[in-house]
Amino acid sequence: MTIVYAVGLKEENNKMNIVKKTIDLGNGQVIEIETGKLAKQADGSAVVRMNNTMLLATVCAKKEAGENVDFMPLTVEYQEKYAAMGRFPGGFFKREARPSEYEILIARLVDRALRPLFPDDFHAEVQVQITLISGDKNTAPDALAALAAAAALAVSDIPFNGPVSEVRVSYLNGQFVINPPLQDIEEADLDLIVAATNENIMMVEGEMKEVSEELMLEALKTAHDAIRIQCDALAELTIAAGKTEKREYCHEVNDLEFKAQMHEAVYQKCYDFAKQGIPNKHMRSEGFEAIKAEFVESLALAEDELKEKSFMIDRYFHDIEKEAMRDMVLTERTRLDGRKLDEIRPIWCEVDYLPSAHGSSIFTRGETQSLSTVTLGTKLDEQLIDGAVIEGTRNFMLHYNFPGFATGEVKGNRGLSRREIGHGNLAWRALKYVIPTGPENPYTIRVVSDILESNGSSSMATVCAGTLALMDAGVKIKKPVTGIAMGLISKGDKWAVLSDILGDEDHLGDMDFKVTGTRDGITACQMDIKVDGLSYEVLAQALAQANAGRMHIMDIVEATISQPRDDYKSFVPRIVQIEIPKEFIGAVIGTGGKVIQEIQKETNSVITIEEKGEVGVVDISAVDKASIDAAISWIKGLTTVPEVGQVYEGKVKSIVDFGAFVEILPGKEGLLHISEYDWTRTESIKDLMHEGDEVQVKLLEIDEKTGKLRLSRKALLPRPEGMPEPENKPRGDRKPHRDNGGRRPNRDNKPRNN
């Protein structure tokens with residue numbers, strides 16, 4: 001990759017100081033960064049362009065922090081403008097509304113890359129907004145969003161320990177590709193979004209097709225090399241824009257003497273309590289609270305003094321508690337709940353728990369529990385994806401719910417949180433690779449994970465419970481998938497990788513690394529890192545430990561149910577898939593859907609048709625085999641071409657003086673002429689046949705011009721002895737009497753009225 005140095009363009013009339021930088025990705029792809037032209041009243045703004053995809057990122061920060069704020073109030077929003085793709089938004093209002101799941105997932109990627117890099121004592125509210133203002137169908141904006149946000153921060157005066165950037169790395173045809181075309185991503189064996197600074201990887205998210213730990217590590221290194229070049233470009237952008245000086249701030253009031261006094265009083269007590277290894281998180285929490293209460297009581301402060309110092313006491317105690325717990329793990333090599341570093345919490349599983357669900361399971365690991373269900377539907381149940389860039393349908397969905405009672409909290413149910421969407425997407429990516437496709441799976445599949453208890457790794461519990469429920473439903477998944485969350489605690493040259501982390505260990509630790517996979521390789525991962533200087537040696541250890549943990553969990557899952565059930569449950573709708581020639585799709589649907597609606601009504605089935613190449617793929621769903629067979633027979637009748645000489649079981653549709661019209665195939669009628677009813681002369685057919693009667697007939701002829709069918713009943717009857725052989729000439733070969741210029745003779749010699 002190469003960088004073209006920044007160019008400053010000054011236009012005094014417009015008072016613009018435009019700075020541009022260009023980054024060559026080395027594979028024919030070029031990224032351009034521009035600042036100084038758009039959104040100049042924001043604290044920082046930048047436009048990032050790759051091909052025809054352009055992202056505008058802005059950042060604004062309040063000058064002061066709110067009272068008693070001890071966290072980073074960062075908000076990241078990502079929005080796609082439909083005009084960017086030359087499209088109208090769907091829906092009644094025809095305008096952009098609340099963010100889609102895709103937009104929320106991109107915002108989360110950026111948030112996770114930026115949040116750890118703000119100074120620890122900087123607590124002013126910061127808002128980052130990224131907008132897709134131009135797009136193309138082959139350039140994914142998600143790989144550029146964090147770069148755009150970092151560029152806006154780089155040209156602002158907001159304190160930030162960047163630069164940071166982000167790339168997509170895919171493994172295609174045996175080689176790594178940075179930011180590949182969107183059309184190639186589905187074919188990749190590995191697809192990762194990686195965010196990093198020059199020194200450290202900050203965030204990883206992606207999916208794989210059972211790749212090895214070694215290949216994944218190589219992908220991270222490849223991505224990091226590309227990111228370093230982008231970070232260098234951002235550093236030069238800061239200098240070119242004249243934004244090297246950052247604003248001064250003072251968001252924390254400290255009393256270092258009081259902090260030292262508190263450390264002396266409670267550190268060892270916290271350390272000793274943590275060393276006890278208490279599995280129950282509520283008991284641990286109550287124990288630490290008791291230590292803090294004892295210290296506060298020892299201060300003997302007046303009520304107004306205590307109120308004044310309470311915020312500082314809470315903040316200092318949190319820091320001391322965290323330090324003591326981390327030191328205990330590194331020194332004692334044991335965990336808060338008494339486990340060894342690589343030990344997995346006790347697990348129990350159950351399937352078929354819910355009698356009316358198509359598939360169900362319970363997966364419980366320690367104090368984390370998922371109740372998961374599987375529902376099997378038809379093509380009509382597919383999810384419609386209608387984003388500005390991504391369009392299509394999805395026949396496999398996974399939804400994750402996290403109610404307040406899972407952690408013993410009182411929390412209103414006011415819709416999905418971003419966390420629920422993110423955790424659900426990770427589990428969906430973990431399982432999507434093993435979901436069967438094509439004729440092996442005619443169903444639309446929905447997995448729902450309801451978290452009933454939570455103390456860490458609920459997304460990984462969802463993966464395990466989802467696998468169990470899918471197999472219980474009879475879905476022929478390729479292989480079972482399990483997942484585990486790894487943690488890290490490091491201090492100086494000491495470090496400890498933790499398997500199957502608790503919620504507390506996630507909070508106090510330096511890494512949350514979730515890995516899912518089959519026995520043969522990794523299918524998805526998500527990593528967030530909060531520490532500088534994480535080496536690839538540590539990552540390799542975490543991956544190896546995760547593999548061992550996954551195999552341990554896999555043994556328990558397979559002991560519960562080792563493979564998908566042979567058949568779906570009796571009450572699951574059956575779906576049969578057949579193919580018909582493309583030219584018959586219209587005949588099956590009928591004018592205004594009349595025919596297909598009649599078939600569904602008469603056979604109590606649900607039918608969908610999709611054109612694929614030269615065939616129409618027909619899915620027929622019903623609750624019993626007889627209904628499906630009836631619908632198939634009807635459709636095959638509509639799509640079967642009548643053959644001369646074939647015998648058909650027909651139904652009389654109407655009677656006329658000269659014969660009867662008989663339906664030999666659905667929608668295909670022919671004339672049974674009165675002369676073809678019997679070998680003997682038939683005076684009137686009305687006395688012999690009635691509407692609705694079934695009759696066996698032979699197809700004698702198909703008129704080449706009109707397509708009319710000529711039927712015969714007598715051709716299937718034995719010819720009476722002595723009766724001469726018929727001529728068997730087609731009607732078109734019979735020569736009519738010709739007279740008077742080719743006219744039929746006027747037998748009564750009366751003048752014709754011409």
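The briefing below takes up helix packing, then cavities, then backbone geometry.

This is a predicted model, in which local features need pLDDT of at least 70 and side-chain atom pairs count only at pLDDT 80 or more, while totals for chains, interfaces and linings use all residues. Residues are numbered from 1 along each chain as its sequence is written, and side-chain values use heavy atoms, with hydrogens and water left out. Helices (H or I, at least four residues) and strands (E, at least two) are DSSP runs numbered from the N terminus.

**Helix packing**

- Axes are lines fitted to C-alpha atoms, for helices over the stretch in contact, with angles from 0 to 180 degrees between N-to-C directions; angles under 35 degrees count as roughly parallel, over 145 as roughly antiparallel, 65 to 115 as roughly perpendicular and the rest as oblique.
- Helix α1 (residues 101–114) and helix α8 (residues 418–432) have axes that come within 10 Å and cross at roughly 95°, which makes α1 roughly perpendicular to α8.
- In this contact (heavy atoms within 4.5 Å), α1 contributes Glu101, Ile104, Leu105, Ala107 and Arg108, and α8 contributes Arg418, Arg419, Ile421, Gly422, His423 and Asn425.
- The residues of the α1 contact with α8 comprise four nonpolar, three polar and four charged, where Ala, Val, Leu, Ile, Met, Phe, Trp, Tyr, Cys and Pro count as nonpolar, Asp, Glu, Lys and Arg as charged, and the others, Gly among them, as polar.
- The axes of helix α2 (residues 142–154) and helix α4 (residues 213–240) come within 9 Å and cross at roughly 30°, and α2 and α4 are therefore roughly parallel to each other.
- α2 passes α4 in a right-handed crossing, a crossing being right-handed if the near helix is turned clockwise from the far one by less than a right angle, and left-handed if anticlockwise.
- Leu147, Ala150, Ala151 and Ala154 of α2 meet Gln230, Leu234, Leu237 and Thr238 of α4, and this contact divides into six nonpolar, two polar and no charged residues.
- The axes of α4 and helix α11 (residues 536–560) come within 10 Å and cross at roughly 150°, again with a right-handed crossing.
- The contact of α4 with α11 has seven nonpolar, two polar and three charged residues.

**Cavities**

- A cavity is a set of points, on a 1 Å grid over the protein atoms alone, where a 1.4 Å probe fits but cannot get out, and lining residues have an atom within 4 Å of a point; grid points are joined across faces, edges and corners, and a volume is the space filled by probe spheres set on the points.
- The lining of the largest cavity has five nonpolar, five polar and one charged residues, including Gln29, Met50, Asn138 and Arg168.
- The second largest cavity holds about 40 Å³ of space and is lined by Glu34, Thr35, Gly36, Lys37, Leu38, Ser45, Ala46 and Val47.
- Strands β3 (30–35) and β4 (44–50) each give two or more residues to the lining of the second largest cavity, and β4 gives the most, with three residues.

**Backbone geometry**

- Most residues other than glycine have a negative phi, and most peptide bonds are trans.
- Glycine 162 and proline 163 are joined by a cis peptide bond with omega of about 0°, and proline 163 lies in the loop between α2 and β8 (165–172).
- Asparagine 173, although not a glycine, has a positive phi of about 50°, and its place is in the loop between β8 and β9 (175–178).

Note on methods. 1 Å grid on protein atoms, 1.4 Å probe; cavity = no way out; pocket = protein on both sides within 12 Å on 5 of 7 lines; lining within 4 Å.
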